[in-house]
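Hi everyone, thanks for making time this morning. Let me put the model up, and then we can walk through it together.

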Amino acid sequence: VVETLLLLAALSSVAVTAAIVGILVIESVPFFRVVPLGTFLTDTQWMPLFSQPRYGILPLVCGTLVTTAVALLVAVPVGTIAAVYLSEYAPHRVREWVKPMLELLSAVPTVVYGYFALLFVTPALQRVLPDLPGFNMLSAGLVIGVMIVPYISSLSEDAMRAVPVHLREGAYALGSTRLQTALGVVMPSAFSGIAAAYVLGISRAIGETMVVAIAAGMQPTMTWDPTQPAATITAYIVQVSLGDLPHDSIGYQTIFAAGLTLMLMTLAFNVAGHLLRKRFREVY
Amino acid sequence: LTAALAAVRAGIARRRRYDLVFSGVGLAALALGLSTLGALLWDLGGDGVGQLSWSFLTSFPSRHAEKAGILSAWVGTALVMLVTACAAVPLGVGAGVYLEEYAPKNRFTELIEINIANLAGVPSVVYGLMALGLFVYRFGFGQSVLTAGLTLALLILPIVITATREAIRAIPGHLREASFALGATRWETTRDHVVPYSMGGILTGVIIGLSRAIGESAPLITIGALAFIAFLPPAPLQAEAPFLSFKWLMSPFTVLPIQMFNWVSRPQAAFHLNAAGAGLVLLTMTLAMNGAAIWLRYRFRKRIKW
């Protein structure tokens, strides 16, 4: 009896996935009855609530990709270097203290990061770039980047620490410095774990909502320029949810179509990461 | 020969220099992360600390920034967290125990495991959409405390499951074998030995999960939480029989992050100060919970020696 109950608990996670996929698909079906898939994917304007509605997801995808790219430009170098330093250089005591502190960065609520991006980072950036608008993707992306540093550094460090010590000792015995050991031996061996860390970081950056909703503005604009305001998929979902849309309106259905796109994007990155990991997995 | 030797020496010196430079770069990377945390605390603290007062905690939101408070927000947060904990703990711990102690090694178990790993990467706003379609409209729970609590519970389920599994995996097999040898069934072993011994790790995971849930606003906005609530849900305890009331489950609600988001997105600077105040309360809660989790992990790691 107990075993059945526990099995049901374990199955609940599968049910959650099924519910997510099911609801997203079922609720977007009416939307795609009205809007052909081709228009959805190629139209360059997103104005679903206007009297002359346009349903092109591209501006939102574009905003999402730009903020994600800015975030990764911060998080990947900083996170990886921090991980290498913590794993290969830092004394034990430093690691014991710094690692939990870094992890606090990921514990800060995202809405607080949004506040920080809008009212601290943007004014600071405006001193350097006087033309920067109050809402822009740059500051949102930078803040998201810092936010996902701990995901990347923590997981990569765990992966590097799991590399057997004798591999390192071999490198040292051949006269390598710590940097050569780290770059030439430890990182290639830990590659699959590091890739997993990057994939999680990318998923987080794509799905991040509050920072972009607060700091990047909510106008869907088709632009690749990070200093411009633009809406992301997630920001659009929040924007629509804040209003009061009736259950059966097309506006209500658009957020599910947008959510489905978001889900497929994260899925694509996850699958790519999985394949990459499989290809480069090292077994000891 | 001396020229060749000098070249080798120069090469070694160069590599040593790179090594040194990198340790500087590494420190700088850590400093960047930590100083951002510092700047965030300083910025929020500087703006928000002046807002904190008894009346800020005991007032409802208002159109006048100086009169507005976070009473409905923190009460809402507390109630939602109660529902979240009640749903996520049994499900998460149950699933973790099943996967570690009961599950046979087959494709089906593998499927559940891959699924949990993937759930951890699903954006939180997508959970909100799922809850909007399922809980709000199909189940008819409405935009209530119950819906919000369940949504966040599903969101933190992977965290609780993973933490439970790791805690259980750390228990040596011979303890189980000793228990089996004394004639205990699998369930008795699990209940009396495995779960109690892994309590520290499980508790840490639950606290981390709840601290994530407490700061989450996107999925709650998606299910349609309101930002302007000037009343409290009905009290769960009542003077007359049957004393307990569950009406609060169906009440509309707001939570701290949503209140803060609402204030941040207004143009007036006075509301931004309120947002900082709310953010400070929220940040104190999450950091305290994380601190507690780190402390717990440290204590249990120290005390238990197999």
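Chain A has 12 helices and 2 strands; here helices (H or I, at least four residues) and strands (E, at least two) are DSSP runs, numbered from the N terminus. Going along the sequence, the order in chain A is α-α-β-β-α-α-α-α-α-α-α-α-α-α. Its C-alpha atoms fill a box of roughly 70 × 65 × 35 Å, taken along the principal axes.

A word on the ground rules. This is a predicted model, in which local features need pLDDT of at least 70 and side-chain atom pairs count only at pLDDT 80 or more, while totals for chains, interfaces and linings use all residues. Residues are numbered from 1 along each chain as its sequence is written, chains are lettered from A and ligands numbered from 1 in the order in which they are written, and side-chain values use heavy atoms, with hydrogens and water left out.

Now, how do the two chains meet? The contact (heavy atoms within 4.5 Å) takes 73 residues from chain B and 72 residues from chain A. Together they bury about 6,500 Å², 79% of it on carbon and sulfur atoms; buried area is the accessible area (1.4 Å probe) that two parts lose on being put together, summed over both. On the chain B side, F22(B), L30(B) and F261(B) supply 10% of the area buried against chain A, more than any other three residues.

On to charges. Over all chains there are 11 salt bridges, meaning a side-chain nitrogen of Lys or Arg within 4 Å of a carboxyl oxygen of Asp or Glu. How many lie between chain B and chain A? The count there is 1: D19(B) pairs with R178(A), with the closest N and O atoms 3.3 Å apart. Within chain A, E157(A) forms a salt bridge with K99(A), at 3.2 Å between the closest N and O atoms. That pair links distant parts of the chain, helix α6 (residues 137-161) and helix α4 (residues 92-107), 58 residues apart.

Last stop, a helix pair in chain B. Helix α3 (residues 71-102) and helix α9 (residues 199-215) pack at an angle of about 140 degrees, with their axes 10 Å apart. Axes are lines fitted to C-alpha atoms, for helices over the stretch in contact, and angles run from 0 to 180 degrees between N-to-C directions. Residues of α3(B) that meet α9(B) include M81(B) and V89(B), and among their partners in α9(B) are V206(B) and L210(B).
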